[in-house]
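Colleague: I want to learn to read a fold like this one. Can we look at it together?

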Amino acid sequence: MATKPIKRNENILILSREHHFGLLFCWKIRQGIKKETDAERIRKYVSFFWNEHLKKHFREEEERLFTKVDDAACQKGLEQHRQLRLLFDSIESGDVNYDRLTRLADDMDAHIRFEERELFPHLENILNADELERIGTALKHSHAVEFLDEYPDEFWKKTQHTT
């Protein structure tokens with residue numbers, strides 16, 4: 001049974017589209033583990049993705065959405081971001097193995113699905129049209145250059161053989 005695509009308010013569609021990259025990030029980590037890629041190679045990609053994309057994405061969600069409403073759903077989103085930051089920091093500092101990478105992929109995947117299925121629809125219902133439009137305008141200005149996940153080491157496709 002196919003699931004019906006989620007209709008997203010046009011003003012936060014940019015963040016929703018970025019979630020596609022986040023899910024792809026999780027898939028790449030899982031593929032790398034499945035292919036028994038050296039954890040250090042995957043760690044380098046995790047660091048790249050975190051620093052080049054996710055830090056900004058988290059900050060924008062927090063500043064533009066999560067702090068607009070003080071309720072349990074927004075608190076859950078903020079807490080998930082906090083937990084994910086700790087996990088990214090731990091991996092970036094070299095504490096990396098397949099279990100930790102799997103946890104990162106699983107936690108990120110669950111977080112994105114929470115935002116898409118629960119938090120964003122909740123905020124779309126609570127925030128008024130003017131506020132959503134202000135958010136959309138700010139997001140368009142901050143996304144003048146779209147993130148491209150052009151990481152050179154495609155560890156998720158093939159393993160690197162050394163001779």
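**Helices and their partners**

Colleague: At roughly what angle do the axes of helix H2 (residues 39-64) and helix H5 (residues 129-142) cross?

Modeller: Helices are DSSP runs of H or I, at least four residues long, numbered from the N terminus. Their axes are lines fitted to C-alpha atoms over the stretch in contact, and angles run from 0 to 180 degrees between N-to-C directions. The axes of H2 and H5 come within 11 Å, and they cross at roughly 160°.

Colleague: Which pLDDT do local features need in this predicted model?

Modeller: Residues are numbered from 1 along each chain as its sequence is written, and side-chain values use heavy atoms, with hydrogens and water left out. In this predicted model, totals for chains, interfaces and linings use all residues, side-chain atom pairs count only at pLDDT 80 or more, and local features need pLDDT of at least 70.

Colleague: Are H2 and H5 roughly parallel or roughly antiparallel?

Modeller: Angles under 35 degrees count as roughly parallel, over 145 as roughly antiparallel, 65 to 115 as roughly perpendicular and the rest as oblique. H2 and H5 cross at roughly 160°. The pair is therefore roughly antiparallel.

Colleague: Is the crossing of H2 and H5 left-handed or right-handed?

Modeller: Look at how the near helix is turned from the far one: anticlockwise by less than a right angle is left-handed, and clockwise is right-handed. The crossing of H2 and H5 is right-handed.

Colleague: How do H1 and H2 run, roughly parallel or roughly antiparallel?

Modeller: The axes of H1 and H2 come within 11 Å. They cross at roughly 160°. H1 and H2 are therefore roughly antiparallel.

Colleague: In which hand does H1 pass H2?

Modeller: The residues that meet include Glu-18 and His-19 of H1 and His-53 and His-57 of H2. The contact divides into nine nonpolar, five polar and four charged residues. H1 passes H2 in a crossing that is left-handed.

Colleague: How many residues of the contact of H2 with H4 are nonpolar?

Modeller: H2 and helix H4 (residues 98-126) pack at about 25°, with axes 12 Å apart. That makes H2 roughly parallel to H4. Among the residues that meet are Leu-54 and Phe-58 in H2 and Leu-101 and Met-108 in H4. Two are polar and two are charged, while the nonpolar ones number 10.

**Single residues**

Colleague: Is His-19 buried or exposed?

Modeller: His-19 is found in helix H1. It touches His-57, Glu-61, Ile-112, Glu-115, Glu-116 and Phe-120, not counting residues up to four places away in sequence. Under 20% relative accessible area is buried, over 50% is exposed and in between is partly exposed (1.4 Å probe, protein chains only). At 5%, His-19 is buried.

Colleague: What is the relative accessible area of His-53?

Modeller: His-53 is found in helix H2. Leaving aside neighbours within four places in sequence, His-53 is in contact with Glu-18, Phe-21, Phe-48 and Phe-147. His-53 is buried, with a relative accessible area of 4%.

Colleague: With which side chain does the side chain of Glu-62 make a polar contact?

Modeller: Glu-62 is in helix H2, and it is buried at 15% relative accessible area. A polar contact is a pair of N or O atoms within 3.5 Å; within protein, one must be able to donate a hydrogen and the other to accept it, and residues adjacent in sequence count only if both atoms are side-chain atoms. At 2.9 Å, the partner of Glu-62 is Arg-85.

Colleague: What is the phi of Glu-36, about?

Modeller: Most residues other than glycine have a negative phi. Glu-36 is in the loop between helix H1 (13-34) and H2, and it is exposed, with a relative accessible area of 66%. Although Glu-36 is not a glycine, its phi is positive, about 60°.

Definitions and conventions:
Helix = DSSP H or I, 4+ residues; strand = E, 2+ residues; numbered from the N terminus. Contact = heavy atoms within 4.5 Å. Nonpolar A, V, L, I, M, F, W, Y, C, P; charged D, E, K, R; others polar.
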